Amino acid sequence: MKTLKIFAAAALGLFVTACGEDFLTVEHPTASPLEEYFTTEEHLEEAVIAAYDPLEWFDWFSGQYNPVNIMSDIMADQIWVGGSDRSDNMFWHLLMNYEALPTQTISGIWSDAYSGVKRCNDVIQYIGWTTDATEDELKLAEAQARVLRAYYYTIIWKFWGNIPYFEENGSSDFTYPQLTADEAYDKIIADLEGAIALNALPMKWTGENQGRVSKAMAYMLYAELTMYQNDTARLGTALNYMKEIISSGEYALIPDYGVLFKEESEWGSETIFDINYKDDNAVRSYNWPNGAGGTVLPRLISPNAWTGDAIHDSGWGFAPIRQSTFDMFEDGDTRRDATCWNVGPANGYNPRYQDTGIFLEKYVAYKANNADQLADGDLNFNNNLRIYRYAETLLNAAELVVRGYGSGDAEGWLNEVHARAIPGTTVQLSLESIKEERKLEFVGEGKRYWDLVRWELTNDADGIKASAVLVPDEFGYRTNTWSSSKKYIPIPQGEIDSASGKSNELKQNDY
């Protein structure tokens, strides 16, 4: 099901994403000053929708391919980088080896996320100008903007740690104070708590509004933040939020993992939050990368020069699945084939660097998935990017109970996920079994690396942590071992240079 539709305004860089065929028609906002234009609820809603738009740009922005899930997972232990050779998207290879440089880093993610922050700040400013909206409408706009702002900041914070943070636009020299990672966390979590306290979001959106942030999405973001920070003072609250999602009855696992990443399952019972893409009348292009449409992710990760069948489409051979990842699934685990398309080396395609013959089935390119686009086929696949699924809710809850932050049916939650994958089986409850289930459940979804790093910091004694797992490999692709000094990557050099000599200079991270 595709519900999120995108329209574009011609001025002020306002790109508007709507959640239905006739959701709104965007007027030209330069017909009057901003403080006059954004006085109606209709126009405020345009700004809210515009704040969603940068979610769709991470895969291709500022001249870079950098889908966040892949940029996270290449730093982990389940996929390789691939491409034509080590010089192809070199910054990916450097990132994988924990040797990113200020001049060779994922600067597109930085720029895109801050674009989102700026638009969220705009919404909150415009709320003060709006005169014809009800209190509930204003609260709903504010809650969406603040949750989105916290999401954008979370991405920047996890990669870079020590980041500029601002909740109002308009610094005289367009720079803002740089906070330490802990200071930034305090700001992000407080903002998210404020958004939740407004009590304006439904637990789940339906119909044309699917694609907006919900209370469940805010709760999942809260759990992600607090569990990554190991904020022991808030982990009990995170558990209560997971239990509230579970007890709401609004979400459930899709019974068949094999169809979980197909279009038929988009916005299904398991979806808590997706980034929505579409190919119907999609006009995203290299000349207009912020236009309405799809994603380039399937093109990036599919086999090059594919001729093996008429169903799959060709790609560029990035992010091949490691053989060890395929081998970690036991026989009968339905997640294996739904995750790993095991073509076999050079079977109907041109093998590229680090080729294993195994590709990420969750997002692999199918010809039908960009058949209705109107511009560049590379950028217009309709595969939604899964951000939060109900399976993660269950595993978060189980982990938090086992770690001692409250009570609940941790064994039942763990085995609900496990038995969906391997029907008729159970596993014994332990922290190690929960970690193993996450390892199997979320391949290619951008979870694994952050799990390994946060488990490093919780001092769990099971050895499943970054410094024990992220080590040189037998093939010589990764030659460095992860260490705490590698937790944050270098800030893009262009950002350092642009702030030089201004009121808020940026200090570069150690690298």
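Modeller: In this predicted model, a residue counts as lining a pocket when it has an atom within 4 Å of one of the pocket's grid points, the pocket itself being an open set of such points.

Colleague: Which residues lie nearest the centre of the second largest pocket?

Modeller: They are Asp-77, Trp-80, Arg-322, Ser-324 and Phe-475, out of 20 residues that line the second largest pocket. Its volume is about 330 Å³, and helix H11 (residues 323-328) gives the most to the lining, with four residues.

Colleague: What makes up the lining of the second largest pocket in terms of nonpolar, polar and charged residues?

Modeller: The lining divides into seven nonpolar, six polar and seven charged residues.

Colleague: Which helix supplies the largest share of the lining of the largest pocket?

Modeller: The largest pocket has a volume of about 750 Å³. Of the 30 residues that line the largest pocket, Tyr-114, Lys-118, Phe-166, Asn-169 and Tyr-176 are the closest to its centre. H5 supplies the largest share of this lining, nine residues, and the lining comprises 16 nonpolar, eight polar and six charged residues.

Colleague: Why is Tyr-98 called buried?

Modeller: Buried means under 20% relative accessible area. Tyr-98 has 6%, and is therefore buried. Tyr-98 lies in the loop between helix H4 (90-96) and helix H5 (107-127).

Colleague: Why is Asn-281 called exposed?

Modeller: Exposed requires over 50% relative accessible area. Asn-281 has 53%, so Asn-281 is exposed. Asn-281 lies in the loop between strand E5 (271-275) and helix H10 (297-301).

Colleague: What is the phi of Tyr-98, and what is that of Asn-281?

Modeller: Phi of Tyr-98 is near 55 degrees, a positive value in a residue other than glycine. Phi of Asn-281 is likewise near 55 degrees and positive. Most residues other than glycine have a negative phi.

Conventions. Residues numbered from 1 in each chain as written. Predicted model: local features only at pLDDT ≥ 70, side-chain atom pairs only at ≥ 80, totals over all residues. Heavy atoms only, no water. Helix = DSSP H or I, 4+ residues; strand = E, 2+ residues; numbered from the N terminus. Buried < 20%, exposed > 50% of the residue type's maximum accessible area, 1.4 Å probe, protein only. 1 Å grid on protein atoms, 1.4 Å probe; cavity = no way out; pocket = protein on both sides within 12 Å on 5 of 7 lines; lining within 4 Å. Points joined across faces, edges and corners; volume = space filled by probe spheres on them. Nonpolar A, V, L, I, M, F, W, Y, C, P; charged D, E, K, R; others polar.
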